[in-house]
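Please read the points below alongside the sequence and the model.

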Amino acid sequence: MSDELKVLYSIQLILKETGYFDVSRISKEILDFSKKEGIDLEKILKRIQKNEPWEYIRGSTDFLGYPFIVNRNVLIPRTETEQLVTIAKGFLDENNSCTHIIDVGTGSGCIIISLAKILCGRNKYKFLGIEDNKSALEVARKNSALHKVNEKVSLIKQNLLSGTKIEEDTLIIANLPYVPKYLYNGLDKSVKDYEPKRAIVGGTDGLKYYKKLLKQVSNKNHLGRKVTLLIEIEPSTIGNLVNLLENKDFKIIKDFRGRERFLLISLP
Ligand SMILES: C[S@@+](CC[C@H](N)C(=O)[O-])C[C@H]1O[C@@H](n2cnc3c(N)ncnc32)[C@H](O)[C@@H]1O
């Protein structure tokens, strides 16, 4: 066995012990990163053993094939959220009148920036990302510059939709903190010890932010515009949210694991 293979094998053992699945890919990434950045491999592996996510150590992640800068101020984008973007794209393909796309709780900016990239051939769209945390917004701005969409995508610091007027047909996408308080303690150590809690917990029932957002959209849409809300949600709380939708049209969409993860709601 070559020296490099021996090293890769030892990294893979550590990754397996720490609970990683995709150990061949990540072990190669770790080795390449250590060489390229001149960082001692031992130091990286110590951080891995302490459950620090590889994405934070490397400072980037992959989202729909695009690199995104991440640090401990933002949630590491999840695979489910890639599906959320794919659903949004499908909706926009079928709804030509929609010209405005808003991403509420933008974090790293992965949703709005990847949509701006995917839809780059269509000039009619206005893209807006909203985030209430200054440090997270800085990461989104870096990603916007990285992907050269700063002129297309506005990124603002704001509490949900508080200062935004809805004047055109709009798709509002939201992946807001949605884990109920009682489920938080059961999450992985890597999540609880490293990812920002304010990006994860959505109050006692997980619906704190979605309830506020629904209220804001209903109050703001005085002009009767066609507004569609597409959200990612904790599957066990979806029934409680649906109970609040009264006579609104909505569709539940399952994630790739077969769990009811997304809601597409027509408003008002
Ligand atoms: C679950 S993370 C999602 C981040 C990113 N959109 C993604 O999908 O990976 C939720 C984000 O919403 C932000 N957030 C929480 N409360 C907010 C509020 N009232 N207004 C705007 N953003 C908020 C958090 O700071 C966090 O960045």
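**Notes on the ligand site and beyond**

1. The ligand has 19 residues around it, and those that come nearest are Gly105, Glu131, Asn159, Leu160 and Asn175; a residue counts as near if one of its heavy atoms lies within 4 Å of the molecule. This is a predicted model, in which local features need pLDDT of at least 70 and side-chain atom pairs count only at pLDDT 80 or more, while totals for chains, interfaces and linings use all residues. Residues are numbered from 1 along each chain as its sequence is written, and side-chain values use heavy atoms, with hydrogens and water left out.

2. A backbone N or O atom of Leu160 lies 2.9 Å from a nitrogen atom of the ligand. By class, the shell holds nine nonpolar, seven polar and three charged residues, where Asp, Glu, Lys and Arg count as charged and Gly is among the polar ones.

3. One cavity of 30 Å³ or more turns up in a search of the whole structure; a cavity is a set of points on a 1 Å grid over the protein atoms alone where a 1.4 Å probe fits but cannot get out, and lining residues have an atom within 4 Å of a point. The largest cavity is lined by Phe91, Ser97, Cys98, Asp169, Thr170, Lys226 and Thr228.

4. The domain assignment, automatic or from a database, gives domain 1 (1-47) and domain 2 (79-267). Their C-alpha centres lie 35 Å apart.

How values were computed. A polar contact is a pair of N or O atoms within 3.5 Å; within protein, one must be able to donate a hydrogen and the other to accept it, and residues adjacent in sequence count only if both atoms are side-chain atoms. On a 1 Å grid over the protein atoms alone, a cavity is a set of points where a 1.4 Å probe fits but cannot get out, and a pocket is an open set with protein on both sides within 12 Å along at least five of seven lines; lining residues have an atom within 4 Å of a point. Grid points are joined across faces, edges and corners, and a volume is the space filled by probe spheres set on the points.
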